[in-house]
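Please look over the model shown below before reading the briefing.

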Amino acid sequence: MARTFDSDRSPTLDRWGRDLDRSLRDSFFDAAYRSWFRVEWEGLEHLPEESGALLVSNHAGMMPVDGGVIQHGVQEETGRLVYLLAHHGFFRFPFVGRTLKRSGTVVAHPDNAHRLLREDGRMVLVFPEGEKGPVKPKSERYRLQRFGRGGFIETAMRAGVPIVPIVLMGTEDTTPTLLDLEIGGRRMPLTVNSVLFGPLLGAVAHFPAKIRARVLPPVHFDEPPERPSYPRSMLMDRAESIRSDMQDTLDEMVSARESIWRG
Amino acid sequence: MRRVVVTSAGTPLGLAMLAAMRAMPGVEQVRGVTSNERHARPIGEELDVVPYVPDHRPFAEYLEKESIDTVIQCGLVPDRSGVGSLESEADVIATMCLGAAIAQPGSTVRSWVLASSTAVYPIGSHSSLLQVESQELPREEETLAASIVEAEAYARDVALRLPHVNVAILRLQQLAGAGVRGPLAALLARDPVPIPIGFDATIQLLHLDDAAAALAFAAREELSGVYNVASAGLIHWQEAVRATGHAGFPVLPVGASLAEPLLERLGIPHIPDALIDLLRFGHVVDLAKIETAGWHPRKQQREILAELGRESRQVSRGASGRRKGPFRAN
């Protein structure tokens, strides 16, 4: 199957529209990655060298940088590409959708995830907390929100790939919450950044909190792949187990931290 | 030995099917049929004029008299047979009449191949990259997709009622090549080609030769079921424009709407309403099922586009005796 779609790729674009050449965008983000956030990794040996894997991470901060940190970091540290799944709404906007595609972001659709993982053997990053992570109340700082209904577990099982949890510490400190607001029934944290720099600049002007990333051992599944469905209760149990392990890891990382800025 | 009839045989797809089936070993007879006297004599062909709408009985009698065992229906969706626009409805009534003729007691038909259309699949930001035959289709009323779904559903009913008849529904991608241009190819044939600002959708074309080969394969193998058909590969819009050798012209990512006739007359690059979503979000189908069945496309996307570019430039030069200026549609 893959060979039919190999033949007509642009020299730099893959079938998902990802630009496989390094670009100015990568160079700019690299500067932020190395010098501003000073990202450090542990546990990279848990990432598979060749085959597909579903990476799951905690999600925090307004206009979160976690996706970019993981994509860029894994590529820099291991040479492997990571694809990110995002809500289809982003792709409706001119330039936004195209830029996302060029950087390896794909519409979050079960079929897309399955092809990336199983056919292409890629690593795919998802944030099971969804939008709940970035808008969580101040009181929930460093607390992982519920991992939905376990859909990501089913995605990994069906594709026959392991889940590799990645815990990020420091991303929520790049845009710390000052006040919990509610606008139109939706939670909208007011960040220190938006108070200091205004709503627009504040969304992108992140504080230089040091970010640490710890890759946990992969979670393998015994269930056979390609099943039409898996028991819902099992999916939720597995999701909660992974969430709990990630929470324990984040708690340990936060308590070992000397300062938000130095790590 | 097979005895084949091709309906809507005067269309470009129909004519290509006649040639493909005549070249196939094990085929004793290939007849081309049209229900319209005016289309009975395309260049190099003499077609049988056999009405089947609204009364299927003349066609049923024809099938029995000629001992036809294979019916290839080419006119279900006009733009997928090489005529008509993207907005044309599927010919549901013709499908019902053909099905009724095939189901008659004296019928010898054991294979019915329908050239359907990938227009059944949704186009939007929420769609997957590669659309598959088994996916659930959105239920919409009074759209082209709805009429295709209705026609396909009728054909599948016939397959259920007549287990001895293999019904193959081939969903063809937009046509190009050998002088045929579906709506997407027609846009790519222009110079310059409109490029929606801020988007670079993934597209896919089907060369007429590949379309005929796939339909012939389905007839020969007596396939059953629904299959996507396209030429090999996929390509992003801006790369597709480059492959034609034409210039690209950035335009706002909205359909031309009411201004379309005026823009067309003035030769100003624009995107027709019928194609705006496709050019924003793309439309590609998965070929895994038909490839597993044993058919593989021969043409590549860049090859089709290069051919399209050459043809359109030849037409442009030939029409005026000299190269046309920019902003003129072919």
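A salt bridge here is a side-chain nitrogen of Lys or Arg within 4 Å of a carboxyl oxygen of Asp or Glu. The model is predicted: local features need pLDDT of at least 70, side-chain atom pairs count only at pLDDT 80 or more, and totals for chains, interfaces and linings use all residues. Residues are numbered from 1 along each chain as its sequence is written, chains are lettered from A and ligands numbered from 1 in the order in which they are written, and side-chain values use heavy atoms, with hydrogens and water left out.

**Interface of chains A and B**

- Counting contact as heavy atoms within 4.5 Å, 33 residues of chain B touch 28 residues of chain A.
- The two chains bury about 2500 Å² between them, 52% of it on carbon and sulfur atoms; buried area is the accessible area (1.4 Å probe) that two parts lose on being put together, summed over both.
- Ser125(B), Leu129(B) and His236(B) supply 21% of the area that chain B buries against chain A, more than any other three residues.
- The rule finds 2 salt bridges across the interface.
- Asp200(B) and Arg102(A) meet through their side chains in a salt bridge, at 2.7 Å from N to O.
- On the side of chain B that touches chain A, the elements giving two or more residues are strand E13 (235–236), helix H7 (237–244), helix H9 (273–281), helix H10 (288–293) and helix H11 (301–320) of chain B; helices (H or I, at least four residues) and strands (E, at least two) are DSSP runs, numbered from the N terminus.

**Paired strands in chain B**

- Strand E1 (residues 2–7) of chain B pairs with E2(B) in the parallel sense over 6 bridges, where pairing requires that DSSP finds at least two bridges between two strands.
- Thr7(B) stands opposite Val33(B) in E2(B).
- Strand E2 (residues 27–34) of chain B is mostly covered, with 6 of its 8 residues buried; buried means under 20% relative accessible area, exposed over 50%, and partly exposed in between (1.4 Å probe, protein chains only).

**Salt bridges**

- Over all chains, the count comes to 40 salt bridges.
- Glu239(B) and Arg242(B) are 3 residues apart in helix H7 of chain B, so about one helical turn separates them.
- Glu239(B) is buried at 11% relative accessibility, whereas Arg242(B) is exposed, at 52%.
- Arg214(A) and Glu42(A) form a salt bridge at 3.3 Å, N to O.
- This pair links distant parts of the chain, with Arg214(A) in strand E9 (residues 212–215) of chain A and Glu42(A) in strand E1 (residues 40–42) of chain A, 172 residues apart.
- Arg214(A) counts as buried at 17% relative accessibility, and Glu42(A) as partly exposed at 36%.
- A network of salt bridges links Arg15(A), Asp111(A), Arg115(A), Glu119(A), Asp120(A) and Asp286(B).
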